[in-house]
Amino acid sequence: MVSFTIEELPIPSRPGASGWADFAASLELQNAVEAEGYGTDELTFTPEELLPGYHHQEYDPRRLYAVRVGDHIVAGARTDAQAEGGDDCVWLSLSVHRDWRRLGIGSALAAHVEGVAAAEGRTTQYVYTVSPDGPGDRLAAPTGFGSVPRANPEVRFLLGRGYQLEQIERGSRLALPLDPAALAKRFTAASSTAGPEYVVLVWDGMTPSRWRADIAVLYTRMSTDAPSAGLNEPEDVWSVERLVSYEQKHQASPRTLLTAAALHRPSGRLVGFTELSVPPDTRRSVSQESTLVLREHRGHGLGMLVKLANLQHLAERHPGRPAVTTFNAEENRHMLRVNEELGFVPMGYEGAWKRVVS
Ligand SMILES: CC(C)(COP(=O)(O)OP(=O)(O)OC[C@H]1O[C@@H](n2cnc3c(N)ncnc32)[C@H](O)[C@@H]1OP(=O)(O)O)[C@@H](O)C(=O)NCCC(=O)NCCS
């Protein structure tokens with residue numbers, strides 16, 4: 001029987017400050033486990049890039065846990081919650097270093113973080129985790145789109161803890177660079193499909209003040225308008241104050257956020273947007289963040305239009321990255337069709353799991 005301790009880690013104020021070594025070690029372990037699951041470290045965000053996300057506690061309460069054997073961190077967990085709305089919900093992620101598995105550490109860590117959350121009334125518990133392909137029987141998502149191998153460790157583990165598979169997310173990768181002439185031609189065609197009522201705006205970093213209210217609406221609709229199967233995840237309301245606070249904190253991140261948004265000229269409102277998160281190191285991949293077109297403006301090819309504009313923006317302002325990675329629900333055929341047309345190919349699959357504790 002191995003002897004280990006579980007603790008919540010304090011969040012350092014900046015890289016190198018008190019608590020940084022444990023914070024970074026826990027996140028690097030979680031990155032290594034994710035890279036093992038996907039067979040690539042392309043999805044990695046460094047601890048420096050992740051730190052601002054832990055400084056937004058008043059809106060996005062986030063906690064980090066570590067399991068130690070002696071002085072050595074062998075497992076880590078993170079919990080995410082919403083400060084307002086969905087106060088019965090929590091999102092968990094759990095990683096045990098491969099050399100320390102099948103020793104009961106994962107079970108003890110899960111029981112601890114699930115217990116802390118449940119004690120706060122967060123009894124609807126979600127886990128999103130990669131399931132590498134494997135042999136044998138498969139467990140199908142109730143959506144009818146996608147499945148995971150039943151014999152995988154994480155599948156056995158989550159079923160054993162009472163989680164139900166609700167949805168499959170596809171991770172996809174678009175190799176860069178794209179041919180600039182072909183991209184420009186496609187953008188012209190997409191602009192003509194959208195018609196003269198729509199125009200695309202692009203910017204780097206913080207949202208220009210005149211668009212903040214519109215971006216706050218688009219962020220809020222991300223939580224309600226994307227297919228969420230039986231997950232029933234709560235609405236996540238964004239105010240202008242929350243957006244500004246979030247963007248100011250993220251100014252400390254080494255990453256740059258590129259946004260392309262569709263302006264509906266007759267109403268003067270932004271009705272669709274897409275974001276790319278660009279790492280400073282040109283050898284690392286770009287992460288596709290939110291994309292949304294408001295329901296009432298769908299059917300004009302605006303999703304494709306804003307994505308093409310942002311890929312052009314990326315090539316002009318931040319060239320040299322090897323790829324863009326993205327995640328979509330496997331049943332989200334509209335978004336997948338856009339991504340497939342752009343050249344994204346599948347790189348792995350995640351299960352989205354839920355359990356409700358009484
Ligand atoms: C899933 C994971 C957290 C399990 O951690 P662990 O410390 O090995 O888990 P435990 O030793 O507590 O195992 C608990 C039970 O899970 C199941 N399980 C775990 N690994 C398994 C495996 N390789 N094969 C079959 N069942 C397995 C078993 O039922 C096991 O109980 P048992 O050992 O009494 O048979 C670990 O494999 C991991 O970090 N995987 C990659 C990250 C991940 O998938 N995280 C998502 C989980 S939330």
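This is a predicted model: local features need pLDDT of at least 70, side-chain atom pairs count only at pLDDT 80 or more; totals for chains, interfaces and linings use all residues.
Which element gives the largest share of the shell around the ligand?

**First stop: the ligand**

Select the 18 residues around the ligand; those that come nearest are Arg101, Gly106, Ser107, Pro153 and Glu154. Then colour the elements that give two or more residues to this shell: strand 4 (89–96), helix 3 (105–119), strand 5 (124–130) and helix 4 (153–160). Helix 4 provides the largest share, with five residues. Coloured by class, the shell shows eight nonpolar, six polar and four charged residues.

Where they meet, twelve residues of domain 1 are in contact with 14 residues of domain 2. On the domain 1 side, the residues that touch domain 2 comprise three nonpolar, five polar and four charged ones.

Now display residues 212–225, which form helix 6, together with residues 240–250, which form helix 7. How are these two helices placed relative to each other? They pack at an angle of about 95°, and their axes are 9 Å apart. Because angles from 65 to 115 degrees count as roughly perpendicular, helix 6 and helix 7 are described as roughly perpendicular to each other. To see the contact itself, show the side chains of Arg212, Ala213, Ile215, Ala216 and Tyr219 in helix 6, and of Val240, Leu243 and Val244 in helix 7. By class, the residues of this contact are seven nonpolar, no polar and one charged.

Select Pro180, which is found in helix 5 (residues 180–194).

**Last stop: Glu48**

Finally, move to Glu48, located in helix 2 (residues 47–50). Glu48 has 18 other C-beta atoms within 10 Å and is therefore partly exposed. Which residues does Glu48 contact, leaving aside its neighbours within four places in sequence? Select Pro15 and Pro254 to see these partners. Draw the C-alpha to C-alpha distance from Glu48 to Pro15: the two are 6.3 Å apart in space and 33 residues apart in sequence.

Technical notes:
Residues are numbered from 1 along each chain as its sequence is written. A residue is near a molecule or strand if its C-beta atom, placed from the backbone, lies within 6 Å of it. Helices (H or I, at least four residues) and strands (E, at least two) are DSSP runs, numbered from the N terminus. Ala, Val, Leu, Ile, Met, Phe, Trp, Tyr, Cys and Pro count as nonpolar, Asp, Glu, Lys and Arg as charged, and the others, Gly among them, as polar. Two residues are in contact if their C-beta atoms, placed from the backbone, lie within 7 Å. Axes are lines fitted to C-alpha atoms, for helices over the stretch in contact, and angles run from 0 to 180 degrees between N-to-C directions. Angles under 35 degrees count as roughly parallel, over 145 as roughly antiparallel, 65 to 115 as roughly perpendicular and the rest as oblique. A residue is buried if 20 or more other C-beta atoms lie within 10 Å of its own, exposed if 12 or fewer, and partly exposed in between; C-beta atoms are placed from the backbone.
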